[in-house]
Amino acid sequence: RVRKVVLALEDIKEKDDISKLDTNMEKIESRYIINGTAAAKIGIAFNWDNFKNAEIVDKVIKPILTLNDAIKIGIENSRVLKIKKEAIKNQMYETERTKSTARPELILSSKYGMIDSYRAKIGSTRENSVDGALDFKYVIFNDELNNGIFSQEKLISIKENEYDNGEIDLVLNIATSYYNLLNLKSNVEIKKSNRDLIEENLSRAKAKLNTGSAGPADVYRFEAEKAKSENDYLEAYGKYISGKQTLNNLIGKDPTYDFEPQNNEGKSENNYINENITLENQNEYEKIATVFEKEAVKNSINLKMIDNKLIIKEREKKSVSRKNYTPTIALAGNYTVPITEGWGTKNAGIDYNENKWSLGLSVSLDLFDGGDRNSYLSQIESELRSIYEEKTDAEELIKLQIRVKLNNAVIANKKIINAEKIEDAAKKAYDLTVDSYVNGVADLTRVLDAQNAYISARESKTLCIYDFMIKLIELERVIGKFHFDEGKDYYNNLIK
C-alpha cells in the first residue's frame with residue numbers, strides 16, 4: 001500500500017490536472033472486535049472462526065514459562081527422580097542395617113529350666129529354676145564385616161550417581177521439547193504472516209480487477225490460496241498445542257495447563273560455537289574438541305559410577321586376600337539374676353539367690369578354607385579386569401560422542417548463517433515481484449512462487465536456529481554441563 005501511494009504521488013507530481021488521474025477505492029473487509037478479558041469472565045472460549053473472522057483485543061495474558069522454570073518444575077514433579085530418591089534412601093537404610101551388626105548387642109531374656117534330681121543335688125542349679133539374663137555381644141574386629149560396610153556406603157554413591165544421570169537426562173529432554181515448542185510457535189507466526197501476505201495480494205488482485213488490468217482468475221486463485229493458508233495456519237497451531245501438551249507431560253503438569261514459552265528468536269547469547277569454528281579449520285576445531293573431551297571425562301557421571309564399582313571391588317579383593325591372617329575378635333558377656341529360688345531337689349551348700357556373670361574375649365582365624373579364598377580372588381580379579389575394560393570403553397565412547405555432537409553443532413551453526421542469507425534474498429525477490437505484479441509486469445504465478453519461497457526460507461531459518469540449539473545441548477549433555485545452568489561464562493572461559 002505504501003508503494004502504491006508513493007507511485008500515485010509521483011503521478012500527481014508529473015501531471016498538472018489531478019482530475020485526469022485514475023482513482024479507485026480499495027475495499028477493506030470489516031472484522032468483529034472481541035474483548036478477550038470480558039469473554040473469559042463470562043466463560044466464552046474462542047474457536048477457529050473467532051480467530052479467523054475477528055480481532056481479539058485485551059487478551060487474557062498467559063503465564064510465561066521460561067526454560068529454567070520448566071526444568072525446575074520438571075525436576076520437582078518427576079516420578080522417575082522420586083523413585084531414584086527413594087532408592088538412595090533404601091540404600092542408606094541397608095547401610096545402617098549392615099553397620100548395626102558391628103555395634104554392641106544387648107539381649108534381655110528370661111528362662112525356665114528343669115534338670116534331673118541327681119544333678120540338682122550335686123550341682124549349682126536347682127531341679128526347677130526361673131532366671132532373668134542380660135547377654136552382651138560385640139564384634140571388635142571383623143574384616144569381612146568392615147568390607148561389607150564400606151561397600152554399602154559406596155553403593156549409596158552409585159545410587160546418587162544414578163539419580164544425577166536421571167536428572168541430567170530429564171533436563172536434556174525438557175530443553176529439547178522446549179526448543180521444539182519455540183520452533184512450533186515460530187511456525188504459527190510464520191503461517192499467520194503468510195496468511196496476511198495473501199490477504200494483501202488478494203486486495204491487490206481485486207484492485208487490479210476493478211481497474212481492468214487483471215481478470216477474475218487472479219482473485220479466485222488468491223482466494224483459494226487464502227483458504228489453503230488458513231488450513232496451514234490451523235495445522236501449525238494444532239502442532240503448537242500438541243507441543244505444549246508434550247512439554248506439560250514432561251514436567252508433570254496437567255495437559256490443559258496453558259502458558260507461553262519465552263521467545264528466543266535467534267541464537268543463544270552463550271553461543272560459543274561461532275562462525276570461526278568450522279570443520280575445515282582443523283587447528284581451532286581440534287583445540288576445542290580436546291578441551292571438551294577432557295571436561296566430559298572429568299564430569300562424566302557414568303565414569304564416576306564405574307570408579308565407585310572399582311573401589312568396591314578393590315576393597316573386596318583386599319579383604320579376601322588377607323582372609324587367612326586377619327582374625328575375628330569378639331567380646332561376649334552374660335549376667336544372670338534368679339527370679340525365684342526355684343523348687344524341687346537342691347544342693348544344700350548352694351545359695352540360689354546369688355547373681356551370676358561371665359565375660360569372655362574370643363579370637364578366631366580361618367587357617368584353611370578348602371581353596372575357597374583362591375577361587376574367590378580369581379573371580380574378583382576377573383571382575384576387576386572387566387570393569388577396567390568397561391571404563392576404557394566408556395572413555396572412548398565419550399570422546400567419540402564429543403566429536404560427533406561437536407560436528408553436528410558446527411554444521412547446524414553454519415546452516416543458520418546460510419539460512420539467513422537465503423531468507424534475506426527471498427524477501428528482496430518477493431518485494432520486487434509484488435512491485436512487478438502491481439505494475440503489470442509479473443503475473444500471479446510469479447508472485448505465488450516468490451511468496452512460497454520467502455515463507456519457506458523463513459521456516460527453514462527458524463528450524464535451523466532451534467535445530468542448532470538442540471544440537472548444542474546434546475553436546476553439552478555429553479560434557480555434563482548445560483549453559484543455562486552454569487551461566488554464560490562457563491563455556492566461554494573453557495575454550496579460551
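Two ground rules. The model is predicted, so local features need pLDDT of at least 70 and side-chain atom pairs count only at pLDDT 80 or more, while totals for chains, interfaces and linings use all residues. Residues are numbered from 1 along each chain as its sequence is written, and side-chain values use heavy atoms, with hydrogens and water left out.

Let's start with the whole chain. It has 14 helices and 8 strands. Those are DSSP runs, numbered from the N terminus: helices are H or I with at least four residues, strands are E with at least two. Of the 496 residues, 37% count as buried. Buried means under 20% relative accessible area, exposed means over 50%, and partly exposed is in between, with a 1.4 Å probe and protein chains only. Now the contacts, meaning heavy atoms within 4.5 Å. Take those with a separation of 6 or more: 79% come from residues 24 or more positions apart.

Next, helix lengths. The expected span is 1.5 Å times one less than the number of residues. Helix H11, residues 372-438, has 67 residues and should span 99 Å. Its end C-alpha atoms are 96 Å apart, which agrees. Just after H11 comes glycine 440, with a positive phi of about 80 degrees. Helix H8, residues 216-251, has 36 residues. It reaches 53 Å from first C-alpha to last, close to the expected 52 Å. Glycine 252 follows H8, and its phi is also positive, near 80 degrees.

Now a helix pair. How do H7 and H12 run relative to each other? Helix H7 is residues 143-211, and helix H12 is residues 444-479. Their axes come within 10 Å and cross at roughly 170 degrees. Axes here are lines fitted to C-alpha atoms, for helices over the stretch in contact, and angles run from 0 to 180 degrees between N-to-C directions. Under 35 degrees counts as roughly parallel, over 145 as roughly antiparallel, 65 to 115 as roughly perpendicular, and the rest as oblique. H7 and H12 are therefore roughly antiparallel. Their contact has 16 nonpolar, 11 polar and 6 charged residues. Nonpolar covers Ala, Val, Leu, Ile, Met, Phe, Trp, Tyr, Cys and Pro; charged covers Asp, Glu, Lys and Arg; the others, Gly among them, are polar.

Look at two residues in H7. Isoleucine 190 lies in this helix. It is buried, with a relative accessible area of 3%. Setting aside neighbours within four places in sequence, isoleucine 190 contacts Ile455, Arg458, Glu459 and Thr462. Leaving out residues up to four places away, asparagine 194 touches Ser229, Gln451 and Ile455.

Last, the sheet. It is open, with 4 strands in the order S4-S5-S7-S8 and antiparallel pairing. Two strands pair if DSSP finds at least two bridges between them. S4 (105-114) and S8 (356-364) are the edge strands, each pairing on one side only. Neighbouring strands are turned by 20 degrees against each other on average, direction ignored.

S4 and S5 pair over 10 bridges. Isoleucine 107 has aspartate 135 in S5 as its bridge partner. S5 (residues 128-141) and S7 (residues 328-338) also pair over 10 bridges. There, lysine 137 partners alanine 332 in S7.

Is S4 buried or in the open? Of its 10 residues, the number buried is 0, so S4 lies largely in the open.
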